Amino acid sequence: MINPDRFLSDLHTLRSFGASGVGKGVIRPAFSDADIAAREWLMQQMAEAGLTVQVDPVGSVWGLAQAPSLLLGSHTDSQPEGGWLDGALGVIAALEIARSAQQDRGAPVSVVSFQDEEGRFGVTTGSTVWSGTVSLDTADHFLDREGVSFSQARQNMAHLAGDWVDPRQFTGFIEMHIEQGPWLDAAGDTIGVVTDIVGIRDMRVTLTGEQNHAGTTPMHMRKDAFQALSAFNTRLSLAFEGVVAPATVWTIGQVNLHPNASSIVPGKVTFSMQWRDSSTGRLAEMDKIIRQVAMDVAREHGMVLNFGDMLGLEPVAMDTRLRHALTEAAETNAPGQWREMPSGALHDATNVAQQMPVAMLFVPSIGGISHAFEEDTDEADLVVGLQVLADAVARLTN
């Protein structure tokens with residue numbers, strides 16, 4: 001049987017690797033010393049649970065049961081300033097269920113902690129490469145913000161790395177995760193059964209004008225890159241009206257203004273443009289609108305416009321059979337306190353879906369906060385989530 005106390009203890013032990021010193025926060029980016037130490041600890045727990053431990057070439061850690069098996073897990077790397085549950089919850093819940101399955105001689109359950117889900121080098125890098133979406137040769141050229149390549153970083157785990165894990169040995173994948181949004185917490189619900197994971201598009205846009213003196217250049221003669229960006233942002237919201245849905249989101253999250261000085265009219269701005277939706281058609285329509293608005297603004301402000309490469313992942317619907325097991329388990333363990341809902345955040349399940357059926361389970365995030373040291377979930381809700389997952393696994397494997 002699952003042991004909730006052991007499960008919570010393991011979660012807190014994992015939190016100690018890279019503990020921030022602020023609340024329950026962690027600093028455990030992919031391939032950092034804290035990340036590797038956490039993975040080595042996880043490998044030990046997997047081995048003690050009777051699983052066969054394997055580390056693949058990109059640093060993802062696997063605890064394999066006898067094939068065929070159901071695969072559970074998530075990731076254990078964190079954002080530069082991350083919470084203690086993002087990814088970690090799904091891995092430790094998987095470990096507890098796999099361990100109890102081994103002890104009770106139950107149906108085999110395998111565990112995975114994918115590497116670099118948080119995107120130090122790319123979007124869900126470890127599972128992206130493992131799923132075949134991106135080749136390892138391509139990923140090896142990905143750079144982090146300091147210019148370190150993925151190839152260089154993964155050498156930090158070269159002493160642990162082995163062969164790739166064959167996805168054909170798994171019957172499906174379930175990822176338990178905190179919601180990272182406000183809906184469950186605001187409604188007082190305990191469980192969310194995911195219907196689909198939204199698609200994402202992400203690209204860099206550059207507007208180049210003319211750098212000049214901030215005191216002597218008349219306003220009507222300026223080719224101010226920041227003013228162009230401001231106009232783009234304002235017009236984009238208006239242009240999206242009638243196209244986007246209530247759950248559609250878009251973000252300009254990173255801006256590099258050059259030369260970024262108070263007495264200089266900025267001559268160049270490069271910014272990130274990201275948008276998410278569960279409809280492929282709507283994502284494409286938004287792409288057209290973004291490009292047209294950018295072209296209009298560039299022309300009117302005397303800018304040279306450049307678009308970077310488009311990155312992203314397609315929307316993924318959850319598998320009907322796996323999802324049905326989760327809904328039945330949710331009603332049994334949290335009657336009247338669960339809902340079906342989409343995931344607005346990306347997860348490794350998006351990539352794993354290229355290889356097998358997938359499903360996801362959410363527990364509440366207090367205040368909807370994630371990707372921050374303040375991220376937290378009531379431990380009673382964590383235990384209910386574990387019970388729902390274990391119940392669903394039992395329904396699927398019996």
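Visitor: Which residues cover the two faces of E17, and are they buried or exposed?

Guide: In a regular strand the side chains alternate between the two faces of the sheet. In E17, Val358, Met360 and Phe362 lie on one side and Ala359, Leu361 and Val363 on the other, all of them buried (under 20% relative accessible area; exposed is over 50%, partly exposed in between; 1.4 Å probe, protein chains only). Six of the six residues of this strand, 358-363, are buried, so E17 is largely enclosed by the rest of the structure. Strands (E, at least two residues) and helices (H or I, at least four) are DSSP runs, numbered from the N terminus.
This is a predicted model, in which local features need pLDDT of at least 70 and side-chain atom pairs pLDDT 80 or more, while totals for chains, interfaces and linings use all residues. Residues are numbered from 1 along each chain as its sequence is written, and side-chain values use heavy atoms, without hydrogens and water.

Visitor: Which strands are joined to E17 by bridges?

Guide: Two strands pair if DSSP finds at least two bridges between them. E5 (residues 170-178) runs parallel to E17, with six bridges; there, phenylalanine 173 stands opposite valine 358. E6 (residues 191-197) runs antiparallel to E17, with two bridges, and glycine 192 has phenylalanine 362 as its bridge partner.

Visitor: With which residue does lysine 24 form a salt bridge?

Guide: A salt bridge is a side-chain nitrogen of Lys or Arg within 4 Å of a carboxyl oxygen of Asp or Glu. Lysine 24 forms one with aspartate 376, at 3.4 Å between the closest N and O atoms. Lysine 24 lies in the loop between H1 (4-15) and H2 (33-48), and aspartate 376 in the loop between E17 and H12 (379-397), so the pair ties together parts 352 residues apart in sequence.
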